[in-house]
Amino acid sequence: MRKLLSADYSRLFKSREFYIAALLMVLLVVFRVANVVTDPSVALEDGFFIYAIVIGVIMAAFVTLYVGTEHGSHTIRNKLIAGHTRVNIYLSNYIVCTSAGWLFCIFYLAAGLALGIPFQGFFEARAADIMAIILCIFLLTAVYAGIFVMLIMIYNNRAAASVVSIFLALAMFIFGIHVLEKLEEPEKIEIVEYSVNGDNPDTIFEDNPRYISNGNVRRVYEIMNDVLPGGQSVRLSCMIGDIVSPPVQFYIYDTLIIMLTCGFGIIIFRKKDLK
């Protein structure tokens, strides 16, 4: 396993995809700072965690291109001939891709602090909440790595897997927004009625037809909002709501998803016919 990891890390730091992804994360910081630098009222944490949304797409593209190269160059088959087991090959790819994702996050954080602090000062939110969000985004990155490594390891068409993975990352994000919007719907909506001459407007409150009043249905939406990576990405980006520590269930669900994707991927990969 150590030899596999050593070889995979060596290939990682020589891969063009790794440096392009890292550069994109830094450019995201530059774009964010350039849009807020003229407004002194914007705190450092405002929009700082937007990379929680972007990291899903970055990981989708990087993992499928990086791991897919092994299929195209028959590197996996050569590893098997050298005596490495399929389980170790799979886990080595997952560990290296997760490490790459964490490095992308570190590049973003380092650039964000280096460029943001001189113009916006330091974080105003509680340090414990900031650290909890960062830790949870790291775990979410490992979830994305698990999902996309599973896809490319069981489906070796790199081009098709890249398209499917990026589409899946975007679909999870869009669905996460949809679920959150449904949960954020108010129970009552305010309607202002005016008289003919426009004087003495009356304000009435009516039931919101889009509000999820059924307790069981609402609970399902809440679970989906917590479990799905897209929903977590939206909430961890802190673009909606205040800066608060992520709920404990995020860590539990993310750990379960990692175990399920890796377990399922290994089972399929062990039976896969590598031509």
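Good morning. I begin with Glu222, which is partly exposed, with a relative accessible area of 28%. The model I am presenting is a predicted one. Glu222 forms a salt bridge with Arg219, and their closest N and O atoms lie 3.5 Å apart. Arg219 is likewise partly exposed, at 46% relative accessible area. Both residues belong to helix H8, residues 215-227, and because they are 3 residues apart there, about one helical turn separates them.

In total, the count comes to 4 salt bridges. Another of these joins Asp8 to Lys79, with the closest N and O atoms 2.8 Å apart. This pair links distant parts of the chain: Asp8 sits in helix H1, residues 2-12, and Lys79 in helix H4, residues 75-81, 71 residues apart. Are these two partners buried or exposed? Asp8 counts as buried, at 2% relative accessibility, and Lys79 is buried as well, at 9%.

A further salt bridge pairs Arg126 with Asp129, at 2.9 Å between the closest N and O atoms. Here Arg126 is exposed, with a relative accessible area of 53%, whereas Asp129 is buried, at 8%.

I turn now to helix packing. Helix H7, residues 158-184, packs against helix H9, residues 229-236, at an angle of about 70°, their axes being 7 Å apart. H7 is therefore roughly perpendicular to H9. The crossing is right-handed. On the H7 side, the residues in contact are Met172, Phe173, Gly176, Ile177 and Leu180; on the H9 side, they are Pro229, Gly230, Gly231, Val234 and Arg235. The residues of this contact comprise 6 nonpolar, 3 polar and 1 charged.

Thank you for your attention.

Conventions
Residues numbered from 1 in each chain as written. Predicted model: local features only at pLDDT ≥ 70, side-chain atom pairs only at ≥ 80, totals over all residues. Heavy atoms only, no water. Axes fitted to C-alpha atoms, helices over the stretch in contact; angles between N-to-C directions. Helix = DSSP H or I, 4+ residues; strand = E, 2+ residues; numbered from the N terminus. Parallel < 35°, antiparallel > 145°, perpendicular 65-115°, else oblique. Left-handed = near helix turned anticlockwise from the far one by under 90°. Contact = heavy atoms within 4.5 Å. Nonpolar A, V, L, I, M, F, W, Y, C, P; charged D, E, K, R; others polar. Salt bridge = Lys/Arg side-chain N within 4 Å of Asp/Glu carboxyl O. Buried < 20%, exposed > 50% of the residue type's maximum accessible area, 1.4 Å probe, protein only.
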